[in-house]
Amino acid sequence: PRPSRAAPCALPVRGAGAGSGGVRGVAGWRRAAAERECGGRLWPVAAMERLVERLEKAVERLETVCQGPGRCGDDPSKGVAQYVQAFDALLAGPVAEYIKISKEVGGDVQKHAEMVHAGLMSERALLVVASQHQQPAEDAFSGLLKPISEQIQVVQNFREKNRGSKMFNHLSAVSESIPALGWVAMAPKPGPYVKEMTDAAMFYTNRILKEYKDVDKKQVDWVKAYLSIWTELQAYIKEYHTTGLTWSKTGPVATGGAKSPSSAPAGAAPPPPGPPPPPAPAPSSCSTDDSASRSALFAQINRGEGITSGLRHVSDDMKTHKNPALKNQGGPVRSGPKPFTAPKPACNANPSQKTSPKAPPLLELEGKKWRVENQENATNLVISDTELKQVAYVFKCTNSTLQIKGKINSITLDNCKKLGLVFDDVVGIVEIINSRDVKVQVMGKVPTISINKTDGCHVYLSQSSLDCEIVSAKSSEMNVLVPTEGGDFTEFPVPEQFKTVWNGQKLVTSVTEIAG
């Protein structure tokens, strides 16, 4: 019967533009087979579809064979190690969830997440190299670690450049824990190192949970997703790299320039290109002279006993202690050798390096945040026009005094030295971070004071703030001064040393009392 619908006997050729000769041969075979099958006639649509389906399956089988090891001119492909596949599962699971939620949050959090993902992909590239190479020497291994360390620095610099961000707690949580990517160099205990870095992020993640717990569930999910990355990484390390990065027992020794098929697993975005290599250092005349003089010195030493052959004999009549008359001839004689002084370099090792300019001092209200930054030797800083919803952020202030009047939501001291803070009332928390020699006095009431990574902190409480909770971590030289009935203060040190024992069921920690 004559077909009701007809189509010309021409089939689309898939893969005709492929680079390998085998694929072009497949396309030619398919074209010739179509011509033989059609015979120049018009076929029904159903028959044409069946024919196309048969040809497509045949082509797929041939292409699969062509892509096998050692076929069609390709290099033999190496199988992916089991621990690389397990790392891919981590990327497709917790990491993908973290990236997804970060995109929903948007802004600085999303940009930060992309940097974290790039660091994880750099780590995957190193894992692939380790699975195919033997462990290299220390200097070569340092070259392999360079992409990871550079990406860690990128993540941390982003936080420093965005201290005024509304998502500063998110950026800080990531920046404090991202060094965990360096576990590959932390033999023999890489797992505990990741745990330590995760604990460093808990301070900021707890602040996020406290702020958004009943306000924005997405922020809570972000914290859970991010922390799950490090939790899963600890389990991964425990299973595959318990005492350090596992290297291949066979294959060539890895070098600093070893290449790896660092393509991302299915569904993951490829990592961004790395930074260009630094320019080669210019030849230095001072280093050349130093090298030459050092070579000459060792050549003299290697002469052995012959090194004294060039010395002149000193007779008794030439010795000043046996011939005192020589002391008055030829001017004064030094009483001893000239003291050694370190030689000054003949040339500047890094003439392009310049001291970064100081940031200008700042005291302003930005939205609901009072920003007090880069103040030096300022003894009369006062914030008086305050509201309950406002917060104060004090950053990098030195030898200064700040007074905050009225009731405010929270106060944060960050990277300050020899700063005095006096405030009336705080309804939230007063935080002291990365500071030295600070004094804080509350005139009214404050529920919580947090001291973290601070050396030297005096807290003066008022009668109405005696029930204040003081939380400290990684800090030293902390003292709390409690007012007495006579108007004076009694000083009490905050414990810094603790004793932990196992009681059969759990760990029990108590303060260590040091006598004397």
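Just after helix 3, G106 has a positive phi of about 75°. This is a predicted model, in which local features need pLDDT of at least 70, side-chain atom pairs count only at pLDDT 80 or more, and totals for chains, interfaces and linings use all residues. Residues are numbered from 1 along each chain as its sequence is written, and side-chain values use heavy atoms, with hydrogens and water left out. Helices (H or I, at least four residues) and strands (E, at least two) are DSSP runs, numbered from the N terminus.

Helix 3 itself contains 24 residues and spans 34 Å from first C-alpha to last, close to the 34 Å expected at 1.5 Å a residue (1.5 Å times one less than the number of residues). A kink of about 40° is centred on V95; the bend is the angle between axes fitted to the seven residues ending there and the seven starting there.

Helix 3 (residues 82-105) meets helix 8 (residues 217-240), their axes coming within 8 Å and crossing at roughly 170°. Helix 3 is therefore roughly antiparallel to helix 8 (over 145 degrees between N-to-C directions, on a scale from 0 to 180).

Confidence is given as pLDDT, from 0 to 100 for each residue. The protein chain averages 78, and 70% of the residues score at least 70. Over residues 1-27 the pLDDT is below 50. It also stays under 50 over residues 67-77. Where pLDDT is low, the predicted coordinates should not be read in detail.

Technical notes:
Parallel < 35°, antiparallel > 145°, perpendicular 65-115°, else oblique. pLDDT = per-residue confidence, 0-100. Contact = heavy atoms within 4.5 Å.
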